[in-house]
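Please look at the sequence and the predicted model shown here, and then read the report that follows, which goes from one residue to the wider picture.

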Amino acid sequence: MQRYVCIHCHFYQPPRENPWLEAVEVQDSATPYHDWNERVTAECYLPNGAARILDGQGRIAKIVNNYSRISFNFGPTLLSWMERNAPQAYERVLAADRESQRRFSGHGSALAQAYNHIILPLANSRDRRSQIVWGLRDFQHRFARDAEGMWLPETAADLETLELLAEAGIKFTVLAPHQARRMRNRVWEEWQSVEGGRIDPTHAYECHLPSGRMINLFFYDGPISHAVAFENVLMDGERFAHRLLSGFNEQRQWPQLVHIATDGETYGHHSPHGDMALAYALDYLDRNQLARITNYAEYLELHPATEEVEIVERSSWSCAHGVARWTNDCGCRSGGGNGWNQQWRRPLRNALDWLRDDLCAVYEQTGASLFSDSWAARDDYIQVVLDRSPQNKDAFFKRHAPRPLSALERGQALRLLEMQRHLMLMYTSCGWFFDELTGPATLQILQYAARALQLSQQITHEDREGSFLQRLQEAWSNVPGCGNGRHVFECFVKPAMLDLVGVAAHYAISSIFNGYYAHDSIFCYRITLEKSEVLESGKTRFAAGVASLTSDATDTSLRVGFAVLHFGDHNLSAGVLPLGDDPGFQEFLDRARKALSGADLPACLRLIDRYFYGSTYSLKSLFQDERKKIVAQIVNSTLRDAEALYRRVYQDHAPLMCFLEEVRFPLPPILQFTTEFVLATAVHRALADETTELDKVRSLLEGVRRSGFTLDASDLESALRQRLNALVDRWMRNPGDLDALSEVEDVIALSRVQPFELNLWKSQNAYYELSQAVSGNGHGIVNEAWLSHFRELAQWLGMALPQLAAAPHTGEKPAA
């Protein structure tokens with residue numbers, strides 16, 4: 001009996017980008033990481049690209065790319081974020097698909113996904129088609145091949161959705177067992193009901209569609225999938241492997257496929273070290289020849305479906321009521337407050353449906369003169385989203401404009417398309433999945449709606465916000481004081497809305513700290529500085545100038561005049577106004593210059609307030625990340641002053657403190673704090689400065705240890721890890737460099753002086769890759785001295801010693 005195993009991982013994070021910045025801003029709830037994408041990447045996406053398999057002594061025996069041995073899909077919006085912000089994880093995903101093609105008979109393991117996780121059975125036909133087209137085009141762009149399978153968000157399916165998949169050339173998708181309605185062995189046999197999850201999941205099924213098309217369906221093993229997600233199966237890799245093997249049945253006469261599907265984040269984020277359990281289980285099955293590891297496309301080629309199935313219409317994997325979780329208070333929830341309800345789901349969807357339909361009419365009417373086919377243009381707009389370069393936009397309009405468009409017309413066309421993009425983003429499923437209207441995921445989709453409203457106002461000069469809020473006010477929050485949807489929108493969404501003047505204010509304020517340059521960029525905006533001047537008087541700085549800002553998304557531009565007065569620390573006032581040929585701005589500059597030269601700061605401040613009346617800003621006006629960065633600069637400046645003061649106290653009283661230590665007299669708390677602060681600062685500075693000898697750092701740490709003080713391990717770990725990673729990069733550029741190898745050893749040894757947990761992930765990956773390369777070179781390319789240090793480093797890194805041999809001695813330096 002042939003036995004196959006396939007593990008499918010659905011990797012997805014909801015889009016978290018600020019709609020006006022096209023970037024994820026800092027999320028304090030994800031501390032110590034910048035945001036939740038970064039946190040989940042560190043806990044799941046990166047580890048699965050280099051998963052550890054341990055030997056019997058707890059040492060790392062293998063490092064494997066899990067993605068290359070499983071079936072997986074990544075949400076396109078998540079991959080877009082990873083490409084910019086986690087390139088190492090992103091490259092491992094792409095490399096895994098290439099490797100899986102070699103492993104699985106030419107079939108890659110990656111599946112496409114409908115673009116931004118809309119519940120397709122609840123979408124209109126145009127949105128369904130665009131979501132599928134965008135998902136497939138995004139997949140082709142990243143994986144350089146056509147997708148054979150597509151993952152449906154929440155596995156939500158109906159016949160119309162399956163028809164669109166088949167029409168697009170998709171061969172198969174994966175559903176939950178309870179989504180199967182009935183099956184039959186041959187077309188002439190009677191249908192048998194399999195509702196309630198009773199379908200046999202160990203082979204593929206054909207689903208014949210009303211159009212005459214056909215799509216293959218796989219129904220994953222429900223009990224094993226549930227055990228992996230919720231029953232701590234991933235605590236032990238061998239236990240995981242045997243749980244998979246329990247899905248086989250000797251009585252079945254066909255080649256059986258045991259396959260499971262869960263959120264990919266189960267392996268590492270939800271279940272710590274789940275990536276290691278996954279790696280071990282797959283290795284265990286393969287090494288012991290207990291089953292053949294495969295993916296869906298390879299299995300389907302080897303064993304085409306022989307049975308037919310019909311699905312339960314409008315069903316999904318995460319709602320027992322079909323797709324009601326995304327429309328109604330069906331009882332499905334994620335565990336919010338007691339007594340909470342989800343009656344807000346229906347009016348929220350009604351409000352968004354109204355907005356979509358109303359703005360689709362605007363799109364068709366306004367787009368009629370700008371596009372040959374407005375909806376074909378929207379389907380193809382994903383190509384611009386993937387590459388917003390001027391050349392690519394030119395090519396897009398050459399394909400879709402009925403004639404050459406003026407710059408104003410192109411801007412209008414891009415606004416229309418961006419409006420449509422946000423009208424789809426606002427249907428991201430997570431907006432309804434959780435329990436509360438004011439939850440982050442729901443506020444996120446309301447921000448997308450707000451961006452669509454703003455763009456529509458720019459296109460039509462009509463305000464639809466009131467009509468939208470009238471419908472949204474039917475939705476009520478469970479949180480006391482938050483009121484209805486209108487109040488939620490006005491309190492949490494409206495303050496986040498941004499225009500080009502707001503972007504200009506950020507530029508003007510941040511640049512007084514970072515410098516004014518002729519050409520600059522802020523998130524998805526380009527800045528050209530026409531003129532500027534910066535004047536200083538003691539701690540006070542005054543800057544003013546003229547700049548033009550352009551949106552990468554819509555090519556909309558604005559010319560502004562700005563002025564910033566910084567008194568030092570957090571005391572700052574700024575003004576920004578759109579600027580035409582206003583001669584008054586030059587007069588303002590002359591008067592401000594005169595006031596500052598006379599040290600008349602109040603007059604200068606009054607000039608800003610008067611000229612920029614109603615358009616003044618402060619440090620609070622900065623975007624979150626830049627505000628945090630600049631406030632940190634201000635705080636660090638204050639800390640440097642405090643550090644100098646404490647250092648003087650320490651130096652002045654060091655002899656006394658040494659005497660107190662000798663006579664075992666306890667240090668007064670203020671002197672103990674002073675000593676710890678000064679020593680910690682000295683250690684951190686020495687670690688951060690790559691020119692500082694490690695012996696000096698070791699001496700400082702030894703002094704701290706002898707004194708009985710405890711330093712902040714997390715702070716030290718970060719500084720030492722950065723230094724170690726920089727050394728590893730240098731070593732990898734010339735692996736035969738014995739000096740670089742010795743320095744890597746020394747840094748790791750340093751962490752043992754005052755023990756703290758040093759993250760060795762990057763060092764272990766580099767070591768393993770190098771050991772594989774060296775062991776594959778016959779007698780090796782290294783001499784005995786290098787090999788001795790390399791073996792010693794294995795001990796420090798917790799690696800199993802590879803079987804390596806030194807090259808015959810030639811008197812030459814080891815080669816790279």
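## Gln447 and its surroundings

Leaving out residues up to four places away in sequence, Gln447 touches Asn18, Pro19, Trp20, Val493 and Ala496, where contact means heavy atoms within 4.5 Å. Gln447 is found in helix H16, helices being DSSP runs of H or I with at least four residues and strands DSSP runs of E with at least two, numbered from the N terminus. With a relative accessible area of 15%, Gln447 is buried; buried means under 20% relative accessible area, exposed over 50% and partly exposed in between, for a 1.4 Å probe and protein chains only.

## Basis and confidence of the model

Residues are numbered from 1 along each chain as its sequence is written, and side-chain values use heavy atoms, with hydrogens and water left out. This is a predicted model, in which local features need pLDDT of at least 70 and side-chain atom pairs count only at pLDDT 80 or more, while totals for chains, interfaces and linings use all residues.

The protein chain has a mean pLDDT (the predictor's confidence in each residue, from 0 to 100) of 92, and 97% of its residues reach 70 or more. Over residues 809–816, however, pLDDT stays under 50, and the model has 12 contacts beyond four places in sequence for them. Where pLDDT is low, the predicted coordinates should not be read in detail.

## Nonpolar cores

A nonpolar core is a set of buried Ala, Val, Leu, Ile, Met, Phe, Trp, Tyr and Cys residues joined through side-chain atoms within 4.5 Å. The largest one has 216 residues, and those with the most contacts inside it are Ile7, Met82, Phe240 and Phe468. Helix H16 (residues 440–460) gives the most to this core, contributing 10 residues. A second, separate core has 18 residues, including Cys6, Val174, Leu300 and Ala305.

Apart from its neighbours within four places in sequence, Phe240 is in contact with several residues, among them Ile7, Val228, Ile260, Tyr267 and Ala281.

## Strand S4 and its partners

Strand S4 (residues 71–74) points Ser71 and Asn73 one way and Phe72 and Phe74 the other way, and all are buried. S4 pairs with strand S1 (residues 3–11) in the parallel sense over 4 bridges, pairing being assigned if DSSP finds at least two bridges between two strands. Phe11 stands opposite Phe74 in S4. S4 and strand S5 (residues 110–113) also run parallel, joined by 2 bridges, and here Asn73 stands opposite Leu111 in S5.

## Aromatic rings

A search of the whole structure finds 42 aromatic pairs; rings of Phe, Tyr and Trp (its six-membered ring) pair if their centres lie within 6.5 Å, and planes under 30 degrees apart count as stacked, over 60 as edge-to-face and the rest as tilted. The rings of Tyr507 and Phe562 have their planes at 85° and their centres 6.0 Å apart, so this pair is edge-to-face. Because Tyr507 lies in helix H19 (residues 500–514) and Phe562 in strand S18 (residues 557–568), the pair ties together parts that are 55 residues apart in sequence. Both Tyr507 and Phe562 are buried.

Tyr646 and Phe673 also form an edge-to-face pair, at 5.5 Å centre to centre and with 70° between the planes. Tyr646 is partly exposed, with a relative accessible area of 23%, and Phe673 counts as partly exposed at 41% relative accessibility. Elsewhere, the charged end of Arg349 sits over the ring of Trp432, 4.2 Å from its centre, a description that requires NZ of Lys or CZ of Arg within 6 Å of the ring centre and within 35 degrees of the ring normal.
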